[in-house]
Amino acid sequence: MRTHRQLAVATATALSLTGGLLALTAGTATAAPAKYADDFNGDGYRDYATGEWGAVTVTYGTATGPGPKTVRFTQASPNIPGTAGDAGGYADGFGGQVANADLNRDGYADLAVADRSEKVGTKAGAGAVTILWGAKAGLGAKATRLPAKSSLAFGAALAAGDFTGDGRPDLAVADTTGTLFVYRGGFSSSGTTGSVTRLEVSPSGAEVLDPSAIVTGRVTKDSAVDLYVLGQGYKDGRLTQAAWFVQGGATPKRGKYTTYNVTQVDFGQVGVIADFDKNGYGDLAVSDTPYNKGAGAVVVLRGGATGPATSYRLTQSTSGVATAAGPHDRFGYALSAGDTNRDGYPDLAVGVPEEEAGSVENAGGVHVLRGGRSGLTGTGSQWFTRATAGVPGSASEAEMLGLYVRLRDLDRDGDADLLASGDLYRTGVLLRGSGQGVTTSGAAESDLDPTFPQ
């Protein structure tokens, strides 16, 4: 089960190097690009853009974290091209994927919004990507369409990063054929872009990939941001889940196609890239929730000089992980990386939305697994549910806490805080990071949707 909020994230849109995360840098430019790739109004504070099928919500940041100003956009909003669907319902894919970067390098971050369902001309489901341009007043004054290079659910997956290593942010867009389009920097608010590189997952047809997300970060040690396209499809006629590596560079090039579950597929894989062992290569942590009768797992593909190298699997049966693996727990349903304890190694938050809390079924919870010299392990891991002392609220059936998680230094004190939520109709929880890891001291309820880009 994946809901529309999970589809709203281009899971690892690159933002900063804080805490060892390998991610987007704005590069050196005379036009003074935005300090943060998500500062839409240029005030020096990070903002939070979340999507759902039919709408995008932007919460503007302040010196102390998310602030009170929130704006919601649909295709019925002024200046937004296209036609809104059924009042933001499932028939309208606007907001299905979002990615942010200062695309025109004017000092204000911009927001790319995908709609894989958009009708373009007479072509139903052609798909579209719309760029909302940042300004001093924030987003909304101007928006333009990205020139589409496909008419088959263009925008099925979306991400931003400096994929060519030239210091300018680029956009990567996938369609449902497994084709990836890399739009080079040189974006303007009039709708022009740099040149476009087209890559197929398998020109021979041996691999077929229907993408669910693009994950970005520095896997190799060069200056360009790399990509993994996550999805489900076939390899030599056999059903599979897969991660397709695309190496960034002056000309991005097709890399290894890695399968990690060839018995069941998940139509909403999520992932994140971080250097969990600090060896200079970014590792991909990717969900495999169907594993072991739905108990779930996280597969880690270690980074290397040319992309993915060896791999290992983490489950609730891994030594040191607090809870036991059970059918349909969905360990790995949501993932986010950040340094929660200031030791320099990124940690991994893992949502387990269908885990029990005591005797309460499907109450859900979140594991925090530690990064270290050996990578991610269960040693020193933490486990939080509504039943954990100090966490606000109480465990309730079918809340599914851990459907959505995000690690982000919201209070700017040097360690990542944990934001987690469950279903759409309940508030989430905010747990602060500290020198000893995530703590329940000062824990609070939070209405902020955790699905903003990593």
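A residue is called buried when its relative accessible area is under 20%, exposed when over 50% and partly exposed in between, for a 1.4 Å probe and protein chains only. By this rule tyrosine 183 is buried, with a relative accessible area of 0%.

The structure is a predicted model, in which local features need pLDDT of at least 70, side-chain atom pairs count only at pLDDT 80 or more, and totals for chains, interfaces and linings use all residues. Residues are numbered from 1 along each chain as its sequence is written, and side-chain values use heavy atoms, with hydrogens and water left out. The mean pLDDT (the predictor's confidence in each residue, from 0 to 100) is 90 for the protein, and 92% of its residues reach 70 or more. Over residues 1-30 pLDDT stays under 50. For this stretch the model has 132 contacts (heavy atoms within 4.5 Å) beyond four places in sequence.

Strands (E) are DSSP runs of at least two residues, numbered from the N terminus. Strand E10 (residues 179-183) and E11 run antiparallel and are joined by 5 bridges; two strands pair if DSSP finds at least two bridges between them. Tyrosine 183 stands opposite valine 196 in E11. In a regular strand the side chains alternate between the two faces of the sheet. In strand E11 (residues 196-200), Thr197 and Leu199 form the covered face, while Val196, Arg198 and Glu200 form the uncovered one.

Rings of Phe, Tyr and Trp (its six-membered ring) pair if their centres lie within 6.5 Å; planes under 30 degrees apart count as stacked, over 60 as edge-to-face and the rest as tilted. The count comes to 4 aromatic pairs. One of them joins phenylalanine 154 and tyrosine 183 edge-to-face, at 6.4 Å centre to centre and 65° between the planes. Because phenylalanine 154 lies in the loop between strand E7 (143-145) and strand E8 (157-161) and tyrosine 183 in strand E10, the pair ties together parts that are 29 residues apart in sequence. Phenylalanine 154 also counts as buried, at 0% relative accessibility. Ring pairs link Phe154, Phe181 and Tyr183 into a cluster.

Glutamine 269 lies in the loop between strand E15 (253-261) and strand E16 (271-274) and is buried at 1% relative accessibility. Its side chain makes a polar contact with the side chain of serine 212 at 3.1 Å; such a contact is a pair of N or O atoms within 3.5 Å, where within protein one must be able to donate a hydrogen and the other to accept it, and residues adjacent in sequence count only if both atoms are side-chain atoms. A polar atom of the glutamine 269 side chain lies 2.5 Å from the backbone oxygen of glycine 231.

Methods. Helices (H or I, at least four residues) and strands (E, at least two) are DSSP runs, numbered from the N terminus.
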